[in-house]
Amino acid sequence: MAELLRMENISKCFGSFYANRDINLEVEEGEVHTLLGENGAGKSTLMNVLIGLYQPTEGKIFMHGKEVQITSPGVAVQHGIGMVHQHFMLIDDMTGLENIILGDKRHSSPLLQEADDHAKIKELMDRYGLGIDLNERVADMSIGMQQRVEIMKVLFRGADLLVLDEPTAVLTDLEVEGLFDIMHSLTDEGKSLIFISHKMREVMKISDRVTVLRRGKSVETVRVSDTTEQELADLMIGQKFTENTYQKVEAAEKVAFELKDVSYHSSIKHGGLKDVSLAIHKGEIFGVAGIDGNGQTPLAELVTGLIKPESGEVIGPDGSKIALFSPSSFIDAGLGNIPEDRNKMGLVGDMTVAENLILKQTKSDRFSFGHGAWLKMGAIEKYANRLKDENDIRCTSVRQTARSLSGGNQQKVILARELDAHPKLLVAVYPTRGLDIGATEFVHNQIVAQRDAGCAILLISADFDEVLKLSDRIAVLFEGQIMGVYPGANPPIKEISLAMAGK
Amino acid sequence: MAKKVLSMEEKNERRFMVLTPVISVLLALIVGAIIIGCLGKNPLVGYSAMLEGSLGSMAKISKTLERACPLVFTGLCAVFAYKCGVFNLGGEGQFIMGGCATAAVILGLGVDGPGALALGLLAGIVAGAIWGLLPGIMKIARGLNEMITTIMLNYVAMYFMEYIFKNAYSDQGLPKTIAIPQSARLPQVLGTHVGVIIAIALGIFIWYVIFRTSFGFKIRAVGMNPIASRVNGFPVKRLVLLAFIISGAIAGLGGAIELLGKTPFRLADGFGSGFGFDGVAIALIAQLNPIGAIVVALLFGVLSTGGTMMQSIIGVPTAIVDIIRGLIIIFAVAGMASVRLPKIKAFLATWGARTNKAEANA
Amino acid sequence: MDFMATLPTILKAMTMGAVPLLLTSLGELFSERAGLVNIGLEGIMAIGAFVGFAVGKFTGNLWLGLLVGMSAGVLINMLYAFCTVSLCADQVVTGMAINILAPAIALFGYNLFVGSNSANATGSQMASIAIPGLSSIPLIGNAFFDQTLLAYLTFILVPLVSYFFKHFRSGLSFRSVGENPHAAETLGIDVVRIKYIACIVCGALAAAGGAFLTICYTPIYTDGIVMGRGFIALATVIFGRWSAVGILGASLLFGFFDGLNVALQAQFQAAPVMFFKMIPYIFTIIALIFFGSRHAGPKANGQPYYREQR
């Protein structure tokens, strides 16, 4: 088949750091080409170069065999390249139609011609099977429909090469099937797709060829029919990949934390909780699986004291019903929290690593005289340095700002702080988001170690594999309700997947 | 004492953080000199007149300190508020209400003596605190933008003061209050009033609170990341409200001291005028450091008292001083922002590595 | 006080008072729709007031004064634009810097202007043009249809601005910059350029609002003539819910209370009139309490935009 895109010896550096080094990528017409690699391998950077958001430090790009300079997203659009981002680039307050025609430069009239555009888009919708309510506000749309708007944006501008960045992360299994159907109808018409994913099963299913990236370099390009999941995984890591497995336990003793028929904004399907009942035992990892947006956030907020249930009971570590919902009272009762967004919720980025480590302890006698009246700066620094060494936090000094650390090290700071307080209940929400394999393993080991020491752990994660790997028991959240609780040892994966889709 | 080990990038960033205000002042003075030159006058003569007029003798220094005193208070008011992420632009109103309360209490109750002095200062603190509390409640309860509400209250305070000196405690129908009785005034020391010492002491105390106490730690955290602060158990709403109250109280104290320490010891049209925004400028130029705010306030004092001398010597309107002040802050803002830009940061990193290599090889 | 008898006067004062606020708020609307909150409006209005006054007096042509005043406003706002868009400085801090610098420049210029010739202290005032027929409508005729040409132009601006944002492609692109600049960038919209354009429009209109004060409202300039209107304009945009028509309504409302203040002062001269003078400011606070919503407005309003994200 004819070559559509060729990226030759692409390098991109930021300061002294090479995000992409000497990468070669070649995509044929009408193929689904997967870009595979772990977090931090350089996939997003490479694609941002392709769509003109970044300028390559070195290297050339060829479309249809001719060299092109993609200096801005507008130029990329002209060359027929479009990207569907992992985090949608949509204007919430505008309608589907407005989002699709936004910035389109092909018109002669300065006035909006909504009727004409409506007709054109409808034709594309029918051709590729994309169902969209064009007059609905994006903010009111389902995730699936929002994604279709993103895809339509790209098709409307006549893209021949579409980049799909982790599109299945927010979809149920059924919706993923629908997406694959759309992808097939696109390739049938000769369009090419670059599919970015790290979900091996899907990659094997949908791709024609796979290019593996590792630490900023392109390692190999293989035809899917010529390889296996294991081989790809090995290429991704760079060595024989053995899945780290953890022992599962059955902790039937003391209940550390319990929710009884808790509801919160129960009428809202994506953002509420309905009649949730679960009990977390001491010394177990209780995992909550589900597609992102099915109640994970309100559950996490509830268990950390940020919101109050509208009905139902919550029973704390000491066995009594909780009356006061505030983060400080929960922390006093023994809560440890590894929040969803480490920069927004876990760390004060502009404060130093040391300050972040003692964030909750400024009044203790260890670090201040007179219950907070005079901070013992020396003691604080000593403590911070100890935690830094014990937890392998890579930074030049604990006097650095937390913001300047890498994602993995930031997460280590949060872990160090929370775990050193020996919590009775540890809530970990998507704790390895954006971390590479090394950091991910570190975090997982720490969590399991805490479990073995008797801590009760609530693990909420949209990464199904993570939940399967760590949990002793697994609950599934769908539209704010618990669909069932399953054993963590030999979990019934098929059943759980169905539950995640609401069946 | 543990040795400071920072990355090269951050060392340079810190160096520039301190240099920026200094460079801003120099640049502003240069531009001011250019403007003076364009008017056909000699800037060097003008600037030396400014220095002479502000620092030329003990008496002049005292006057400069007196002029700077209220600015220390409004500056600290802004510093404390902004440290908590509160854009309190109402320093002027809080200052004025402080003065009004002091006048009302002393003139209204007809008291005098050191007891009256203490009462007056207390009244100023309380009035300023209340005037800061109002926009605070509005922000906490209804999310009202405090920039707008505090400025509106500035005007309300200004007109309220007009009522005080035209109607309530007017001196025989003249548009000024009766003078504060001699015995209730702040004692003098070294040609200036004790308020100056209070101002400097307050600055040092505020530094201690912000950087060495648990309370100040939490205030800073809330200012930098209110969401993370809440998740980690800080009482964010309470801290924000306290920031409003405390910053208002500081400004109110400033107003009380201005009335009780400085001639003519009366409230009249123009009392406190411009001090609020000056305080904001001081806080920003000093990069929210309380000690820095004292220094910058003194600088503003020099510009102010020196400006009058400069006008009489070379005939340039005193507004040139206002322009210089405005330029300092524009340069400071631009400078602080530039230092944080990714490109500049990368440049600083390599520049620092080169100079250190040079130092090492030298 | 016979309310009905004074109502026409209040309404006339209302429209007069609304115009400078309306001009400035429309300027801020453009700025905020592009994601830039500009609290330096007060300073820009001061510049517009002074330059409009001085050039108008010097050349004898008020419209030339207005034009040059607007240009001066654009120049000053370019400082704001450079700091916030290119240097990504904090918008509030930069706005405050403008508020301190711009009135200083205006005062300085005024001192020089009057210092060179004391007759410069008084300028001329634009004449009102009564629209025949309409201006005879009882009660409101005098208020709305016997105004200066600049006032009429300002009112005409409202539907034009509204139409731009609703029906022009560039209007849609403009709005997207304030809602989600990263999304706009990926669609090939030049976010930085639009932000600069917003600052040009905002500078021009805010300066025009200030100039109105010295060439239509009164024939003089004084230090502090703006009297907080630049900040009230910020409230007007919020109160008017970021729509041109809403801003018109809000401006008229504020203008009404301004007019009420003047009427009360005239009627009750013996009373402590300073309490009347407080009315517009207290009303602004009350308006915000009842109608200011925490989460309204362009989504990315007030946030700095970094073009190449690392």
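Which strands of chain A does helix H1 (residues 43-50) lie across, and at about what angle does H1 run to S1(A)? Helix H1 of chain A lies across S1 and S2, running at about 115 degrees to S1(A). The model is predicted.

**Chain C against chain B**

- Chain C brings 39 residues to this contact, and chain B brings 36 residues.
- Five helices of chain C each give two or more residues to the side that touches chain B: H3 (62-86), H4 (91-116), H10 (229-239), H12 (274-277) and H13 (279-291).
- H4(C) supplies the largest share of that side, with 15 residues.
- By class, the side of chain C that touches chain B holds 29 nonpolar, seven polar and three charged residues.

**Chain C against chain A**

- Here 20 residues of chain C are in contact with 19 residues of chain A.
- Helix H7 (169-179) and helix H8 (181-186) of chain C are the elements that give two or more residues to the side of chain C that touches chain A.
- The largest share comes from H7(C), with six residues.
- The side of chain C that touches chain A divides into six nonpolar, eight polar and six charged residues.

**Helix pair H2 and H10 in chain C**

- Two packed helices are described by the angle between their axes and the distance between the axes.
- Helix H2 (residues 41-59) of chain C packs against H10(C) at an angle of about 130 degrees.
- The axes of H2(C) and H10(C) are 7 Å apart.
- H2(C) and H10(C) are therefore oblique to each other.
- The crossing of H2(C) past H10(C) is right-handed.
- From H2(C), the contact takes Leu41(C), Glu42(C) and Met45(C).
- From H10(C), they meet Arg229(C), Gly230(C), Phe231(C), Ala233(C) and Leu234(C).
- This contact of H2(C) with H10(C) has five nonpolar, one polar and two charged residues.
- H10(C) also gives two or more residues to the side of chain C that touches chain B.

**Domains of chain A**

- Chain A is divided into domain 1 (3-237), domain 2 (254-334 + 423-503) and domain 3 (351-422).
- Domain 2 and domain 3 of chain A have C-alpha centres that lie 27 Å apart.
- Twelve residues of domain 2 of chain A are in contact with ten residues of domain 3 of chain A.
- On the side of domain 2 of chain A that touches domain 3, helix H15 (residues 437-452) of chain A gives the most, with five residues.
- That side of domain 2 has eight nonpolar, three polar and one charged residues.

**Four-stranded sheet of chain A**

- Four strands of chain A form an open sheet in the order S2-S1-S4-S5, with antiparallel pairing.
- Strand S2 (17-28) and S5 of chain A stand at the edges with a single partner strand each, so one side of each has no neighbour in the sheet.
- From one strand to the next, the twist of this sheet averages 25 degrees.
- Strand S1 (residues 3-14) of chain A and S4(A) run antiparallel and are joined by five bridges.
- Across that pair, Leu5(A) stands opposite Met63(A) in S4(A).

**Three-stranded sheet of chain A**

- Three strands of chain A form an open sheet in the order S12-S11-S14, and the pairing is antiparallel.
- Strand S12 (273-281) and strand S14 (311-315) of chain A are the edge strands, each pairing on one side only.
- The twist of this sheet averages 5 degrees from one strand to the next.
- Strand S11 (residues 255-264) of chain A runs antiparallel to S12(A), and six bridges join them.
- Leu259(A) has Leu278(A) in S12(A) as its bridge partner.

**Backbone features**

- His64(A) is not a glycine, yet has a positive phi of about 50 degrees.
- His64(A) lies in the loop between strand S4 (58-63) and strand S5 (66-68) of chain A.
- In chain B, a cis peptide bond joins Thr263(B) and Pro264(B), with omega about 0 degrees.
- Pro264(B) lies in the loop between helix H10 (236-261) and helix H11 (275-285) of chain B.

How values were computed:
Residues are numbered from 1 along each chain as its sequence is written. Chains are lettered from A and ligands numbered from 1 in the order in which they are written. This is a predicted model: local features need pLDDT of at least 70, side-chain atom pairs count only at pLDDT 80 or more; totals for chains, interfaces and linings use all residues. Two residues are in contact if their C-beta atoms, placed from the backbone, lie within 7 Å. Ala, Val, Leu, Ile, Met, Phe, Trp, Tyr, Cys and Pro count as nonpolar, Asp, Glu, Lys and Arg as charged, and the others, Gly among them, as polar. Domain bounds come from an automatic or database domain assignment. Axes are lines fitted to C-alpha atoms, for helices over the stretch in contact, and angles run from 0 to 180 degrees between N-to-C directions. Angles under 35 degrees count as roughly parallel, over 145 as roughly antiparallel, 65 to 115 as roughly perpendicular and the rest as oblique. A crossing is left-handed if the near helix is turned anticlockwise from the far one by less than a right angle, and right-handed if clockwise. Two strands pair if DSSP finds at least two bridges between them.
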